[in-house]
Amino acid sequence: MKIFKILKRWLNMLSGKSIYHVRQGEGKYYSKEKVYGYYNDMTKKVNNVVLLDDKGIPISKTINGVIAYFPITILQYGLGLFDLYIETKNSKYIQKFINIANWTLENQKEDGMWNCMGTLNDTCHKTQSSMCQSEAVSVLLRSYIYTGDEKYLISAKSIPFSAKKGIDFMILDVKKGGTCSYYKKDVIFQEYVSNDNLSVLNGWIFSIFGLYDYTLINNDRKYKMILENSINSLVNNLSKYDRGFWTNYDMRGTIASPAYHDIHIAQLKLLFNIFGLEEFRKYSEKWKKYQNNKFYILIAMFIKMKQKIFRSKYYDINTSLVS
């Protein structure tokens, strides 16, 4: 039965009906000078298919039947709401967004972490996630910019949670319980923290976006140095995500789905626009050419399906989200 659920999930993804794999192109309202719109377009995450609880918080369901408040789903929904507010000026979107921001504060641990993979009963990874930390920080910073309320930015005595604590946890070494791998000259943010050191590409870049957000409102050289070192590390490792006809999802050779391949292209275009490094433009254009080749798409889909069905060494297939 599980295999049929996986196949259904793939059909939904390829037909555009999966709320977890909507197109996330370049955001329309991001800024290089200030925290404003989000970098990837999350507005399609806000739709009538999303299951909400009575407080307006998205609920996720896994192939294994686990019902969960999965932070990444909730945070991306929130970032989509914020961009919709910028686009429409409709107060309903900002009210819903602030609701998500308050949920984010309420569910942060005292050490700054959000329980991410643990909410899905994931057995392959530790619960912390750099992508989760980053997107939570991006939500809190936009809440701070909109409301002016410093509870979203810096911890008060009565409110021990904030964007600063979230980013400090994200940049903490994985060896100390954080989500960043510091190895020789490399600074790699880990969406999934495990002994396998997966180094998922989209999660790494989403993490960079959150740290970039934070440097826009904090001039502390420490954060800017880590950001710069992680960007340089990404440039130096891009070839490891290139199959010659498609992209890899991670450094372990897991091939990207069509949806994630598309995200990779958009993210590199964004990185080039923000930081101006030629390698980002070169790989983005190269990967776009792969995407325009129907034969390459068929090969990638075949390999992806084979890996999904027969290979579960690095990922817990039971935790896959279904729409």
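Asparagine 237 lies in helix α7, residues 221-237, where helices are DSSP runs of H or I of at least four residues, numbered from the N terminus. Asparagine 237 is buried, with a relative accessible area of 3%, buried meaning under 20% with a 1.4 Å probe and protein chains only. Residues up to four places away in sequence aside, asparagine 237 touches Asp186, Trp204 and Met251, contact meaning heavy atoms within 4.5 Å.

Elsewhere, helix α2 (residues 71-88) packs against helix α4 (residues 130-147) at an angle of about 35°, the axes being 9 Å apart; axes are lines fitted to C-alpha atoms over the stretch in contact, and angles run from 0 to 180 degrees between N-to-C directions. The residues making this contact include Leu75, Leu79 and Phe82 of α2 and Met131, Val139 and Tyr146 of α4.

Residues are numbered from 1 along each chain as its sequence is written, and side-chain values use heavy atoms, with hydrogens and water left out. Because the model is predicted, local features need pLDDT of at least 70 and side-chain atom pairs count only at pLDDT 80 or more, whereas totals for chains, interfaces and linings use all residues.

Conventions. Helix = DSSP H or I, 4+ residues; strand = E, 2+ residues; numbered from the N terminus. Buried < 20%, exposed > 50% of the residue type's maximum accessible area, 1.4 Å probe, protein only.
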